Amino acid sequence: MEYIKIHENGIHIVFGITEKRQLKLLHFSKNEFCEDDLCKVGPDCKAEDQARRGQFIDEAFQLVQVSLSGYNRPYEKHGNKHIVTAPGYLLTYVGMEDSTGAIGRRLVITQEDREVTHVRVETVMQFYNGTSVVRMWNKVTNVGEETQCLEYLSSFCYTGIEKEGEQNSDAKMKLRVPYNGWQKEMGIKEYTFGDVGLAQTQPGVYQRTSQVFEVTNTGNWSSKKYLPLGYIENTQAHTSLFWQIEHNGSWHYEVGDQNTHFYLCVSGPTEVQSHWFKNLLPGESFTSVPVAVGVAEDSFEKAVGELTKYRRLIRRPNKDNENLPVVFNDYMNCLFGDPTTEKELPLIDAAAECGCEYYVIDAGWYAPGEWWDSVGEWQECRERFPNGIKEVTDYIRSKGMIPGVWLELEVMGINCEKAKMASDDWFFVRHGRRVFDRSRYQLDFRNPAVISHVNEVIDRVVNEYGAGYIKMDYNIEPGIGTELGAESVGQGMFLHEKAYLAWLDDVFVRYPDLVIENCSSGGLRIDYALLSRYSIQSTSDQEDYRNYATIAANAGAGVTPEQAAVWSYPQRTGDKEEVIYNMINAMLARIHQSGHLAELSAARMELVKEGIACYKKLRSDIRRAVPFYPLDVTDNEDLWACGGLQTEDKAYLAVWKRQMEGKNNDRRLRAGTVCSETALSIPLGSLPFVGDEIHVSCLYPEREPVSFSVEEKVLTVTFEKPVMARLFLVEG
């Protein structure tokens, strides 16, 4: 076998070219390639099993899985696995282009099936200087004379994810699944392969079962159940493989077994999971969704750090992520979608007094009373704002803040007069009828009339109402897609999503300084198709500040800290510790201040002011820091939560304690020596700048002292009250 070896940014990649000129991806790791790791068979195996080693390589290790309708798949694949695809197994190697640009090295690999299906597949691997992450996608082109129906196209496929190290997969392999959901975003769970049905049932002998572990999103809420990313580690080889799917709709990844090895396949929509397929006419092409794939040590923290650096490299340059302004929003635990001029004015005064720099009027400004099923025209409501909303936005500017408004442009309510007059092709349609969800219709952004409508709204709120910030919300799930103008409902969805991204790009060309927040019932569209464009992301609609600590501590897994909008909403009545806890939730991300600030006591108001002032001193570090998990990621059942950010010379560490009724308050206690009901010990020796000396100070609040000590690079904090939080600065 002929080898092509690539070593770039700490990533070791090895391709093999067989005698049949078929290209195999044999290695993708931070460690160097060892040929003996391929297709291992135990010493007690039968001779015929030893002889099958070459056959195993021939049958698997395809760089691309591509499935067209009507072609035989001769090798055993078992079940719904996306392996042994045709023409995936038929492709032969044509060549590789290797170039280097301003952002990094770029490989373009071409394969073709010239005999049966007559398709060409180009694989692009874009490396980025300074991070061990490569962005990949595949383009399939019908170079034949007959139409071909595309059922599946991978963005990344790698066989042998467990091959490094002598132990079997049961002993060394772990994966992390980033669960997501309304009001419980960023819930990250760790499993062994056996936990998810991938136990190695025939150690030392080839194994191929029907079991496959699938993580899938189907629909327009891209992160309603999972974040579109994954992580696998090999504890014996001390390596990890992680990936991020950059698509704002349906996506899929799977881990399964094939011929002595385990494989990973990552893609956008599929026919089996997403009701997607695409007819390729002669000469027509289809490009898969981009996927970022990286390698690191067997450390989730290191993997998230590499992803954070990569996300900053692919993001639209913007002032918002440089300056990190403090945003006040009147919704959460405050006006809750019922704004009026009378209610807004005292809140504006209080927000300005606290040091907020943006002020957002959230839902309800466009209609009186109950408005849910009538939204869609986005005209100011004179019942709420008798002198017009411009009076309020002008007042916001007079206080030194930039005004913003809430929109939900992708929907129209079923009782919206404009929706009643519009033709059906404005909306998603299935089975000849408009698609409903929660009394709303889904607009189809492929329709030029829809684009004209939403552009008119943007122009009005910016140029007439004076908004410099838009909270762009999205509160429905239209399901599998639309049947209009596409071969499959999944393809209709896919085309709409691409059109939405193109529209968003155009908005930022027209209004380059406009800040638009990505919100979808909180964090139900946390994906880097959108977040490479939007500068800020709502992390949750969580209404209990104590539970928000989990989301705040883990948020860096899904989004860069300077894009992660976290609510701080002091209650009308409460003590100082409640205000402190609220502020610390947001101080290592983007402060989304809310709550009835004008009704707080003077002492509690001072804590809000102090928190925002402290944030303004450290925010220049946030935009360059990476996440720090000294006790690993936080679970919602933990009594103690801990998370932070680290730079080259310092770290910021947030520590929370929440003793709550109904919680499993001893969960973190089971770690043994780490903590008690009142004290938590946090190891800090892994920080890169820590040497013989380590200095820790309580950064916020300054005038509410708490007991803490440092000994042998371990910080021990003592929190006597049931619910407390503090922010610490760690320096070498």
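1. Let's start with proline 87, which sits in the loop between strand E4 (66-68) and strand E5 (92-100). Strands here are DSSP runs of E with at least two residues, and helices are runs of H or I with at least four residues, numbered from the N terminus. The peptide bond leading from alanine 86 into proline 87 is cis, with omega near 15°.

2. A quick word on what you're looking at: this is a predicted model, where local features need pLDDT of at least 70, side-chain atom pairs count only at pLDDT 80 or more, and totals for chains, interfaces and linings use all residues. Residues are numbered from 1 along each chain as its sequence is written, and side-chain values use heavy atoms, with hydrogens and water left out.

3. Now look at proline 701, in the loop between strand E37 (695-700) and strand E38 (707-711). Tyrosine 700 is joined to proline 701 by a cis peptide bond, and omega is about -5°.

4. Next, serine 521, in the loop between strand E29 (515-518) and strand E30 (536-538). Serine 521 isn't a glycine, yet its phi is positive, near 50°. Is serine 521 buried or exposed? It counts as buried because its relative accessibility is 5% (buried means under 20% relative accessible area, exposed over 50%, partly exposed in between, with a 1.4 Å probe and protein chains only).

5. Last one: lysine 713, found in the loop between E38 and strand E39 (714-718). Lysine 713 is another non-glycine with a positive phi, about 65°. Its relative accessibility is 31%, so lysine 713 counts as partly exposed.
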